[in-house]
Each structure stands twice: as C-alpha cells, then as structure tokens.
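Please have a look at the sequence and the model first, and then we will go through some details together.

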Amino acid sequence: MLITRRLEFDAGHRIPNHNSQCRHLHGHRYAIEITLSGEIIKTEGQSEQGMVMDFSDVKRIAQEKLVNVWDHAFLVYRGDKQVCDFLATMPDHKTVVFDVVPTAENLAQTAFELLDPAYQDSYGNHLKLERIRLFETPNNWADCVRS
Ligand SMILES: Nc1nc2c(c(=O)[nH]1)N=C([C@H](O)[C@H](O)COP(=O)(O)OP(=O)(O)OP(=O)(O)O)CN2
Ligand SMILES: [Zn+2]
C-alpha cells in the first residue's frame, strides 16, 4: 500500500549558470509530496489501525527534518560564491547551503536522503520512503524514487 502526504513551503534560489532567467535571484512556492509504502496496520484498538502511517506523523517528521529548515530560507549552491558571500553579510539570514545547484532534481534527491532515515518502520509494517516528488512550480517537478 502507498500513501502520500503533500506539504508546501516558500524559498528563494537561483541557478547560477542558467542560460536564461533562472540565474536571477527569485523564489518559488515549492511543494513536496512524500510517498511511503507499508502494510496496513491491523492491530485492534491501535490509533493507527487501518493506516500505513498516521498522516499527521508523516507531516510532523517532514516538518522537523526539512520543511521548517527550508521554509523562507534562501537555498544556495556552495559554489555560488557571490551569493554565499552576500548572504553571509546579512545577520541571522535564513540560508541553507547545498553541495549541489538547487534545481528541482537536486532538491528532490537531497530531500530523499534527508527523509529516508527519518521514516522508520516503527509499527513492524515494513514502512519505507518510496518517492519524493518536488514541485518547483505547479507545472515543473522532479521525482526521486527508491532504486
Ligand atoms: N530540469 C530543470 N529545469 C529547470 C529548473 C530545474 O530545477 N530543473 N529550474 C528552472 C528555474 O528555477 C525556473 O524558476 C523555473 O523554470 P520555468 O520553466 O521558466 O518556470 P515558469 O515560472 O516559467 O513556469 P511556467 O509554468 O512556464 O509558468 C528552469 N529550468
Ligand atoms: Zn527557480
């Protein structure tokens, strides 16, 4: 059985070597969809009976590990020295530095790596992260799937 929880957040970024407008500083209303697989919990009387995982727990973990960290932050590539240096001049600015250029593909892959260990099989129902779908815009998204 697969379940999916969607969360949204706002962040700034740029793609420094892009040959068009994405090299400019700009932002997106990102959306992330977290898809988990597992067996339906059958334990009579358990709060999660009939669920793979409580959607509120899926949300809580995603918020703690990722959404609260990336929301209203500027997502910047470590190699984008000009912007890194500029952001460092702003006291207490919320900046998240990545080892890769913050494209939808790289953000989806980074999100998968961050969240995979966080969704543990705590109910003995073989719970596993299967896919992260990261929307940069309503029309553009990237999928990182378990290989
Ligand atoms: N494969 C990728 N291509 C592009 C990415 C990306 O992450 N992966 N990112 C961008 C830019 O960040 C840009 O903000 C989004 O591109 P664009 O298609 O121009 O977006 P629009 O707002 O114009 O979307 P519409 O749906 O066409 O309005 C570029 N490419
Ligand atoms: Zn963009």
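When I speak of an angle between helices, I mean the angle between lines fitted to the C-alpha atoms over the stretch in contact, taken from 0 to 180 degrees between N-to-C directions. Please keep in mind that this is a predicted model.

Let me begin with the helix pair. Helix α1, which covers residues 55-70, and helix α3, which covers residues 104-115, have axes that come within 10 Å of each other and cross at roughly 130 degrees. The two helices are therefore oblique to each other, and their crossing is right-handed. Which residues make the contact between them? On the α1 side they are Ala 62, Lys 65 and Leu 66, while α3 brings in Ala 111, Leu 114 and Leu 115. Sorted by class, this contact of α1 with α3 has five nonpolar residues, one charged residue and no polar ones.

Now I would like to turn to the loops. In the loop between α2 (81-88) and β4 (95-98) we find Asp 92, whose phi is near 60 degrees, a positive value in a residue other than glycine. Is Asp 92 buried or exposed? Asp 92 counts as exposed, because it has 5 C-beta neighbours inside 10 Å, and the cut-off for exposed is 12 or fewer.

The loop between α3 and β5 (128-137) holds His 126, which is not a glycine either and has a positive phi of about 60 degrees. With 10 other C-beta atoms within 10 Å, His 126 is exposed.

Notes
Residues are numbered from 1 along each chain as its sequence is written. Chains are lettered from A and ligands numbered from 1 in the order in which they are written. This is a predicted model: local features need pLDDT of at least 70, side-chain atom pairs count only at pLDDT 80 or more; totals for chains, interfaces and linings use all residues. Helices (H or I, at least four residues) and strands (E, at least two) are DSSP runs, numbered from the N terminus. Angles under 35 degrees count as roughly parallel, over 145 as roughly antiparallel, 65 to 115 as roughly perpendicular and the rest as oblique. A crossing is left-handed if the near helix is turned anticlockwise from the far one by less than a right angle, and right-handed if clockwise. Two residues are in contact if their C-beta atoms, placed from the backbone, lie within 7 Å. Ala, Val, Leu, Ile, Met, Phe, Trp, Tyr, Cys and Pro count as nonpolar, Asp, Glu, Lys and Arg as charged, and the others, Gly among them, as polar. A residue is buried if 20 or more other C-beta atoms lie within 10 Å of its own, exposed if 12 or fewer, and partly exposed in between; C-beta atoms are placed from the backbone.
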